[in-house]
Amino acid sequence: MPSNVDALRLRPLISAERIQKRLDELAAEIDAHYQGDSVLAVCVLKGGFMFFSDLVKRLTLPLELDFLRISSYGQATRSSGELRLTKDSDLPIRGSRVLLIDDIIDTGRSMDFLYRLVLERDPATLDTCVLVDKHERREIPFEPDFVGFPVAEGFIVGYGMDCAEQFRNLDAIYVYTEA
Ligand code: IMP
Ligand code: MG
């Protein structure tokens with residue numbers, strides 16, 4: 001934890017050990033699903049970076065990696081409501097088996113937006129994977145194909161997830177409480 005002030009606002013929710021153990025299971029699930037086929041794994045920046053990095057290390061499939069970025073949340077713990085693609089992926093999607101990987105699904109707007117965007121480019125298959133699913137807050141019906149942890153409570157930070165760009169580097173997940 002970075003400092004005493006931050007420590008007051010961060011309540012441990014999922015330990016680094018639990019995350020790493022769950023990633024072993026998730027990678028096995030994904031390996032089994034694709035049965036040795038080539039996969040184009042696409043990381044949703046910035047939040048997905050740590051999850052993506054730890055997950056792809058465990059996969060034994062022939063993998064291509066790519067990155068895209070959308071802006072969803074602004075500098076606060078509330079949705080800005082507006083979604084924009086601010087960095088596109090580079091590799092061809094047409095005919096590829098695409099796996100979209102993000103940190104967290106909340107209202108479902110980001111995943112729905114990305115799913116439609118990728119689908120328009122004619123992938124052979126399209127699946128989605130998130131570390132955290134805040135399913136109770138869904139506003140658009142969307143079920144990710146692979147989920148690390150269902151979470152019911154609060155706004156969470158760490159392991160890629162931020163509050164105003166802070167805490168992305170933490171190796172565990174915390175509930176953030178505003179002062
Ligand atoms: P959605 O569009 O509401 O599903 O939100 C998805 C995006 O919002 C995620 O990729 C995160 O970047 C961000 N987000 C949603 N909930 C949280 C949270 O609890 N902590 C940090 N970021 C979040
Ligand atoms: Mg995100």
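Modeller: Happy to! A crossing of two helices is called right-handed if the near helix is turned clockwise from the far one by less than a right angle, and left-handed if anticlockwise. In this predicted model, α2 passes α3 in a right-handed crossing. The axes of helix α2 (residues 16–34) and helix α3 (residues 49–56) cross at roughly 65° and come within 9 Å. On the α2 side, the contact is made by Q20, L23, L26, A27 and I30, while α3 brings F51, D54 and L55. Sorted by class, this contact has six nonpolar residues, one polar and one charged.

Now to the aromatic rings. Searching the whole structure turns up three aromatic pairs. One of them joins F52 and F67 edge-to-face, with 5.3 Å centre to centre and 65° between the planes. F52 lies in helix α3, whereas F67 belongs to strand β3 (residues 63–73), so this pair ties together parts that are 15 residues apart in sequence. F52 is buried, at a relative accessible area of 3%, but F67 is partly exposed at 32%.

Another edge-to-face pair is formed by Y115 and F142, with 5.5 Å centre to centre and 75° between the planes. Y115 sits in helix α4 (residues 109–119) and F142 in the loop between β6 (125–133) and β7 (146–150), so the pair links parts that are 27 residues apart in sequence. Here Y115 is partly exposed, with 26% relative accessibility, and F142 is buried, with a relative accessible area of 11%.

Methods
Residues numbered from 1 in each chain as written. Chains lettered and ligands numbered in written order. Predicted model: local features only at pLDDT ≥ 70, side-chain atom pairs only at ≥ 80, totals over all residues. Heavy atoms only, no water. Axes fitted to C-alpha atoms, helices over the stretch in contact; angles between N-to-C directions. Helix = DSSP H or I, 4+ residues; strand = E, 2+ residues; numbered from the N terminus. Contact = heavy atoms within 4.5 Å. Nonpolar A, V, L, I, M, F, W, Y, C, P; charged D, E, K, R; others polar. Phe/Tyr/Trp six-rings, centres within 6.5 Å; stacked < 30°, edge-to-face > 60°. Buried < 20%, exposed > 50% of the residue type's maximum accessible area, 1.4 Å probe, protein only.
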